[in-house]
Amino acid sequence: LYSGTKADRKSDSLGSDADGTNSGITLIDYDKPETTSGTYNTGGATNANRIGLSKSDTQVTAGTKITKIGAYYWATTNQPYDTKFVVYTNNGSGNPDTLVCKTATVNPTGTGWKEFAVDGGDHTITSSEAGYLWIGLISDENNYVGNKSTTGGFREDEESNLNVPSSFSQDHSHNTEFAFRVTTDKSVAKL
């Protein structure tokens, strides 16, 4: 191993050259943590009358404010849909757990990112909510949202009448991850 001061270094390490400059690593800052890392296919259908969630690809810290929740839509003749967007915590075992925030009922139309304000105003993440988030929606219709194949990437909880429970109770899992995201007031970094 190396010893001595940084000025004594003669060898590079991951992300830092011997002279102290950074190389080989690119951190990307962005204020919209997503579920699909920006990579997704044409729209696939979410199931009506089920809360459907995919896990964020980055973690958020306590004190971060969530201002909007949304999805990447593909337009269909069935739009608009009565929809609520939701965010749940990650329970530490990689599963959705407790409701963080949601939107009021909204009616997304068109193709592209559709984002809506958090119901009741911005939500500030607490220390118990910090970490990965499960982001998704519930609707009275199948929604066509960008997606990609991922083992167990989509979790569902059967509900009705756009009900959003305070605790998530998974009854289905699918090998698809849908393109959801939240807008925050702080940038998060990912490799």
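Trainee: What share of the residues in the protein chain is buried?
Mentor: Buried residues are 42% of the 191 in the protein chain, where buried means under 20% relative accessible area, exposed over 50% and partly exposed in between (1.4 Å probe, protein chains only). This is a predicted model, in which local features need pLDDT of at least 70 and side-chain atom pairs count only at pLDDT 80 or more, while totals for chains, interfaces and linings use all residues. Residues are numbered from 1 along each chain as its sequence is written, and side-chain values use heavy atoms, with hydrogens and water left out.

Trainee: And how many helices and strands?
Mentor: Zero helices and 13 strands; these are DSSP runs numbered from the N terminus, with helices being H or I of at least four residues and strands E of at least two.

Trainee: Which residues touch the most other members of the largest nonpolar core?
Mentor: That core has 24 residues, and Ile-69, Phe-85 and Val-145 are among those touching the most other members. A nonpolar core is a set of buried Ala, Val, Leu, Ile, Met, Phe, Trp, Tyr and Cys residues joined through side-chain atoms within 4.5 Å.

Trainee: Which strand gives the largest share of this core?
Mentor: β4, with five residues.

Trainee: Switching topic: where is Thr-103?
Mentor: Thr-103 sits in the loop between β6 (96-102) and β7 (112-117).

Trainee: Buried or exposed?
Mentor: Thr-103 is buried, because its relative accessible area is 1%. Beyond its neighbours within four places in sequence, its contacts (heavy atoms within 4.5 Å) include Ile-69, Phe-85 and Phe-116.
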